[in-house]
Each structure stands twice: as C-alpha cells, then as structure tokens.
Amino acid sequence: MQIRTVLLLISLAALSACASSQKQDEDIPVPVKQDPVIEEQARINQKLYNQSEARMAKTLKLPAITYEFDSIRPPDYAYPFLDKVANIMHSHPSLHLIVEGHTDVLGSKEYNYWLGSSRAAAMKAYLVSRGVNAERIRIHSHGKDRPLTLDNSSEGRRTNRRVEFSFTTRKWNSIY
C-alpha cells in the first residue's frame, strides 16, 4: 500500500510539474506576424527605386523615402534617387512635383506636422540645389494622420516615417 501511495504521489508531482511548465510556456509571448503592408511597401519601394529615369517619367510613380526617428536629414540612399528626379524635371518641363512628409505616431500632433514639413522641405531644398525651379515643387505635411500601417513595432513606425513624391502635369492653380 505504501508503494502505491508513493507512486501516486510521484505521479501527481510529475503531472503538476508538467502543468506548471505548460503554464510557463503559455506566458511566453508569441511573436506577432509582421503586418503585410510593411513587406508590400518595402517590395514596392525597392522596385520603384531601381527603375530608370525614363521609366519614372513614363509611369510617374516614385518610391517613398523612409527616415530615421526624429530626423529631418535625408538618408544617404535618397540622394541618387533625388538626382534622378532632378534630371527628369529638367527633361520634362511640364512636370510638377508634390512632396508629402509623414511621421510615425510618437510625438505631439503639432511636432509631427512640423517634422513632416521639414522632411519634405529638405527634399525640396536638395532638388532646388540641383537646379529645379522651386515653383515647380509643392510640399505638404500630413504628420501622423496618414499612416501606411497601424503596426506600432519599430518596423511599422519606420514604414510610416516617410516622404512620398507625386509627379503631376496639372497646373498648381487647378490643384491648390
């Protein structure tokens, strides 16, 4: 009888250990799948960034440039792209450029509008330094109001910290 009791206690202890280890496993956070918007945006940007000047001028589609946190300095990889944009604008005098700055959700609304505007202005300043007429470029800030993704991970926030470009053939007085 004592052997049965000892075996029963050992069995209960083993089951209890399994149950507690299961509970610990349940407490481990499961990695969240990355928002598919982040991956799709990265794929689109890569494709658009590598297109030729002729293709950019034909499709009028341009990649977004992502920024580091709290920075208004264009990233180093943006300069060859901006040179392509300047060349296109020199070759196609009917094109106008809209530059829109966006931020992530961190910071106040007012600060993020300023930050988005400053990012767009930095892009415009570079293009003007390359000989593009400043009157052909308009900047606008959306701050944190138009996120691409609601993913609040570091990659999600990085995707939202961007400057977007749009070519248009419309005259400014028909847009603004």
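Modeller: Buried means under 20% relative accessible area, exposed over 50% and partly exposed in between (1.4 Å probe, protein chains only). This is a predicted model, in which local features need pLDDT of at least 70 and side-chain atom pairs pLDDT 80 or more, while totals for chains, interfaces and linings use all residues. Residues are numbered from 1 along each chain as its sequence is written, and side-chain values use heavy atoms, without hydrogens or water.

Colleague: Is Tyr77 buried, partly exposed or exposed?

Modeller: The relative accessibility of Tyr77 is 34%.

Colleague: How is the aromatic pair of Tyr49 and Phe81 classed?

Modeller: Rings of Phe, Tyr and Trp (its six-membered ring) pair if their centres lie within 6.5 Å, with planes under 30 degrees apart stacked, over 60 edge-to-face and the rest tilted. The whole structure holds five such pairs, among them Tyr49 with Tyr77, which is edge-to-face at 5.9 Å centre to centre and 70 degrees between the planes. For Tyr49 and Phe81 the centres are 6.2 Å apart and the planes at 35 degrees, so this pair is tilted.

Colleague: What is the relative accessible area of Arg162?

Modeller: Beyond its neighbours within four places in sequence, Arg162 is in contact (heavy atoms within 4.5 Å) with residues including Ile65, Glu100, His102, Arg119 and Leu148. Arg162 is buried, and its relative accessible area is 3%.
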